[in-house]
Amino acid sequence: MVEANEKSWKENLRGSAHRILKATIITVFLGIFLLVLWVFVVQLFTDYPEYQRLYAILAWAIVFFAFATKVTEETIYKFGLIIARALFLIIYFIYATNGGVFTINVMDMRLTIEFVSTLALMVLVNFLEMVRGVLQAIEFTSASPKD
Amino acid sequence: MWQTIRALGWAIKILWIVTLLLPVTVAISMWELLGSKAIGIEEPTVSFYDRTLHMSTPFYINNNGFYDLSDINVTIRIINKNNLVTKFSKLYANVPAKSMLNTTYDVSVSLEELGEKNKELLTQNANLDLTITASLRVAYAIGFEIAANTTIEWGAPFNNLTISNIVYLVPNNEFLLFLSFENAASFPVSGELVMDAVNARDEVIGTKIQPVNVDSGTQFQSNVTIPIDPSRMIGPGVFHVSFLNFLILETEWS
């Protein structure tokens, strides 16, 4: 009995270590990609530190959720994180895009880009992501063996 | 349940592709539009007839992009010393993808409209603030608006209109005066200047019609005599100078 418990404990530890390693590798690659993108963002928005800050928030959030969802693979928490990520992205997109109206001053001109319909599409996609997360969580719970 | 989750997964993937492709292709279309002389503005023509100032600016939009352009609107606001002089707004027809729009931006402002709000614009040169706003919608989804402020020099058609050297000639019962102005506008001024002598009881006691035909950038100077009804010669009074029945100057005499 004790031997079986010890074996199960070791398997769990090995599984966790494997998941953490996999999550770390994926997150590192994602981080490098976002960092390369950051170089372009800084050049594009040199005079707009506000947008640089918004990009940094998004990048850190993506990195965090990518790591957390991979680490919590095969657990119910993964779906909670998927729902949280979708909810975060909905709030982020609405806030960062000022409700779909983007205004910058270029030379002596003011340029306004209105993309409310595109924003609505982004919100819809994330809402569907949340719905899918809930359904996956229900599916996962119903498929899990009872203790 | 599993089928629903899979269907949702596919729907999310397709929607993400559409969501990301739309702004990218719209940006490429706009780049084509702005970067390859696809929009051109030609020399405006200015004319003055029917008591109205007309300006016509031909322009074209060659839509090389992937999407139709819609809700094309150009608005111009003219402001003089923080007072709105006039506002023009014009909405154009849609420009389908791979087609060209050749049109003009026509603005007309009547002398009355100009004079009611800013009478001094007829007799004094000024620097006017111009706010130009152009907007359009690409793919019926993403709207672009560009606004620019600039200052233009307004040349008054009766710049520095003055009546001087006023003399009342008793034997002839007439006023002799010197009338001068400069046509600083970009269009010729032709018509009749009506000069009324008004007495202290606000009665018109003499009138003179002075034909004028002054080219752009030239000076008008003339001695004018106004015959007066001596029985009603009660001073002090005023001279009213009107152009096309519109009062442009009021000067006192005594």
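This is a predicted model: local features need pLDDT of at least 70, side-chain atom pairs count only at pLDDT 80 or more; totals for chains, interfaces and linings use all residues.
**View 1. A salt bridge joins the side chains of B:Arg137 and A:Glu114, with 2.2 Å from N to O.** A salt bridge is taken here as a side-chain nitrogen of Lys or Arg within 4 Å of a carboxyl oxygen of Asp or Glu. Residues are numbered from 1 along each chain as its sequence is written, chains are lettered from A in the order in which they are written, and side-chain values use heavy atoms, without hydrogens and water.

**View 2. The interface of chain A and chain B buries about 2,200 Å².** This buried area is the accessible area (1.4 Å probe) that two parts lose on being put together, summed over both, and 70% of it lies on carbon and sulfur atoms. Of the area that chain A buries against chain B, 23% comes from A:Glu114, A:Val125 and A:Arg132, more than from any other three residues. The contact (heavy atoms within 4.5 Å) takes 24 residues from chain A and 23 residues from chain B.

**View 3. A salt bridge links the side chains of A:Arg53 and A:Glu50, at 3.2 Å from N to O.** Both A:Arg53 and A:Glu50 belong to helix α2 (residues 49–71) of chain A, where they lie three residues apart, about one turn of the helix; helices are DSSP runs (H or I, at least four residues), numbered from the N terminus.

Technical notes:
Helices (H or I, at least four residues) and strands (E, at least two) are DSSP runs, numbered from the N terminus.
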